[in-house]
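Keep the structure in view and follow each element in turn.

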Amino acid sequence: MCGIVGYVGQRPAQDLLLAALQKLEYRGYDSAGIALVENKSLYLEKRAGKVSDLMRVLKASRATVGLGHTRWATHGPPTDQNAHPHCDCQKKIAVIHNGIIENYLPFKEELQARGHIFLSQTDSEVIAHLIEERYDGTNLLEAVREALRPLRGAYALAVVATDSPDEVIVARQGSPLVLGLGEHETFAASDIPALLAFTKTMVFLNDGELGVLRRDGVELCDFEGRRITRAPQRIEWDVVTAQKQGYKHFMLKEIHEQPHALANTLQNRYELATGKIVLPELQKLTEKIHKAQMVYCVAMGTAYYAALTAKYLWREFFRVPLAVELASEFRYSKPYLDENTLVIAISQSGETADTLGAVREARARGASVISIVNVVGATLTRESDATLYTHAGPEIGVASTKALLAQLAALDLLGFFIAQSRGWLAPEQTRPALESLVRGPALIEKLLQQEREIVRLAQVFYEKEHFLFLGRDLLYPIALEGALKLKEISYIHAEGYAAGELKHGPIALIDAEMPTVVLVTKESVYEKVFSNIEEVKARRGIVITVTDQINKEIERVSDFIIEIPPSSRWLAPLLFVVPLQLFAYHIADLRGTDIDQPRNLAKSVTVE
Ligand code: M6R
């Protein structure tokens, strides 16, 4: 949950590291630090607070080798001492770490007994001291490899030492790390966007691998010291897409990018004339898809709500019994898994520890895994049998928006593909759904034009402290998502419920102060949801109705209405979620919260 960056080259490292750190701040932003190696000495600065706070205290430096870190606290509160980098006793070695060293405590106690002085409460500091004991000033790679051998847990880390002033050592076990190659310079970072301004030629490090960054390139090896050769990849994302482009926040930009995200995810994956779904990346799993007797979908957060939405549609249209589970629960719930089980793992980042854990468990027990991932080359893609990429482009805002729409579209395509492969659905039967989905981008554009009305609504409600979101059938997961968006960026208490649950408890919360956002579609159980609105009104609740069915009855019972263009069951979830994202965004903006980096959160949750 931290961001790390390393550099060896010819340019002054400090500005470059800081620029990369600002791109990584979405991963953690409670403290930051850098270490620079120059003239065989270490210049180290670290602070609680954001990268901008660190920048204020930095001295100018011409060093061309260094490390940077932005932290999301796990062990020890966000203080100057607990910020990374961490050093050995001599202040000759500096280490930055993303992940958790689970067995750090006995090592810390042993090191202290041998006279090592620890300055922080972190798990990470043991790494610096373990390296110190194994480093004789010559082979830093070997010392790092030896130091890591007894450690358990997850890490992506980078190390510099004053006695090896022209290299950065990196290692990866369970946390992401990408290496960048430039002209007489090399880089390491937790993700691709951090490096895009410097290079597009990248090498992905796998778990159990180490690397040495030097000016003339990178050298890779495994934990046994065996050399690894890996061809670099060209990354096609561009720097501009990874910037705000005039929007106040990344989240707002990403909400507005949704028509593109949807169109890109659908593009070239179907033949509209015949209704055939074309997913060559899944061809190798055709036999497994044929034989699958059980299909699970695992994910966390917003990606989990995408899976819940798919459950309704898959059941209805594809005859696929889809069991949807939170990845964090799946692994420990003794799931039924064998070689005839198919697991679909959904993740924007492809780095979520819970989702990776579920996938590892599934594959270890013979199941096949198809992942739906947005970030190219992410760990999950390498731990799956096949990957269906969502082409939403980089999502920087911590609150997921465009990734959800892309996941919903990818799940539709995958459902069609499975149903067509198994002969449950003839291609021509798929055409109406496809025709509806391809209208999505234009309808979302139309919805985004209602932003001013949603701003006005946000102005009415931004001071409320509690919200209820109700939906039924495939709008139930969208109600959950609406509540999640609001709580994570505005810190307002919001709960999403299946509308039918209202009478079973949450109705007790309703009073004249409590706004309830109700999602109503003419496509499904309209009368029942309408009755739920009546129940809220009867208790003097405030009702904001989001609907594709405006009529006199709805107008009578609603205090406010957000209109959704009429569509289909395929498209409705994608359309209904857009105003909820905008509503959460503008409420948070009026409350003045840190929208792209909400408190306590991080974009990729790489620890369990
Ligand atoms: O990268 P992932 O899709 O695996 O992330 C899953 C969740 O952590 C993520 O959706 C989280 O809930 C977001 N903050 C939601 O906005």
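**Sheets, turns and packed helices**

Eight strands form an open sheet in the order β3-β2-β4-β1-β10-β9-β11-β15, and the pairing is antiparallel. The edges belong to β3 and β15 (233-234). Each has a single partner strand, so one side of each is left without a neighbour in the sheet. The model is a predicted one.

Go to the pairing of β1 with β10. Strand β1 covers residues 3-8, and strand β10 covers residues 185-189. They pair in the antiparallel sense over 4 bridges. Val5 stands opposite Ala189 of β10.

On its other pairing, β10 meets strand β9, residues 178-182. This pair is also antiparallel, with 5 bridges. Here Leu179 has Ala188 in β10 as its bridge partner. The hairpin of β9 and β10 has 2 residues between the strands. In that hairpin, His184 takes a positive phi near 55°.

Glu185, Phe187 and Ala189 point one way from the strand. Thr186 and Ala188 point the other way. Residues on both sides are buried.

Helix α1, residues 13-24, lies across β1, β2, β3, β4 and β10. Its direction runs at about 155° to β1.

Now turn to the sheet of 7 strands. This sheet is open too, with the order β5-β6-β7-β8-β12-β13-β14 and antiparallel pairing. Its edge strands are β5 (86-87) and β14 (227-228), and each pairs on one side only. Helix α4, residues 125-134, packs on this sheet. The helix touches β5, β6 (93-101) and β7 (153-161). Its direction makes about 130° with that of β6.

Strand β12 spans residues 209-214, and strand β13 spans residues 217-222. They pair in the antiparallel sense over 6 bridges. Leu213 stands opposite Val218 of β13.

Next come some backbone details. Most residues other than glycine have a negative phi, and most peptide bonds are trans. The peptide bond that joins His84 and Pro85 is cis, with omega about 0°. Pro85 lies in the loop between β4 (65-71) and β5.

Two further loop residues call for a look at phi. Lys40 is not a glycine, yet its phi is positive, near 55°. It sits in the loop between β2 (31-38) and β3 (41-48). Is Lys40 buried or exposed? Lys40 is exposed, with a relative accessible area of 52%. Val525 also has a positive phi, near 35°, in a residue other than glycine. Its place is the loop between β25 (515-520) and α18 (526-538). Val525 counts as partly exposed, at 36% relative accessibility.

The last stop is helix α20. Two packed helices are described by the angle between their axes and the distance between the axes. Take α17 (residues 476-490) and α20 (residues 572-591) to begin with. They pack at an angle of about 20°, with their axes 9 Å apart. Angles under 35 degrees count as roughly parallel, so α17 is roughly parallel to α20. The crossing is right-handed.

Which residues of α17 make the contact? They are Ile478, Glu481, Gly482, Lys485, Leu486, Ile489 and Ser490. On α20, the contact is made by Pro573, Phe576, Val577, Leu580, Ala584, Tyr585, Ile587, Ala588 and Arg591. The residues of this contact divide into 11 nonpolar, 2 polar and 3 charged.

Helix α16, residues 451-461, also packs with α20. The angle is about 50°, and the axes are 8 Å apart. The two helices are therefore oblique to each other. α16 passes α20 in a right-handed crossing. From α16, the contact uses Glu451, Ile454, Val455, Leu457, Ala458, Gln459 and Phe461. From α20 come Pro579, Leu582, Phe583, His586, Ile587 and Leu590. Sorted by type, the residues of the contact are 10 nonpolar, 2 polar and 1 charged.

Notes:
Residues numbered from 1 in each chain as written. Predicted model: local features only at pLDDT ≥ 70, side-chain atom pairs only at ≥ 80, totals over all residues. Heavy atoms only, no water. Axes fitted to C-alpha atoms, helices over the stretch in contact; angles between N-to-C directions. Parallel < 35°, antiparallel > 145°, perpendicular 65-115°, else oblique. Left-handed = near helix turned anticlockwise from the far one by under 90°. Contact = heavy atoms within 4.5 Å. Nonpolar A, V, L, I, M, F, W, Y, C, P; charged D, E, K, R; others polar. Pairing = 2+ DSSP bridges. Buried < 20%, exposed > 50% of the residue type's maximum accessible area, 1.4 Å probe, protein only.
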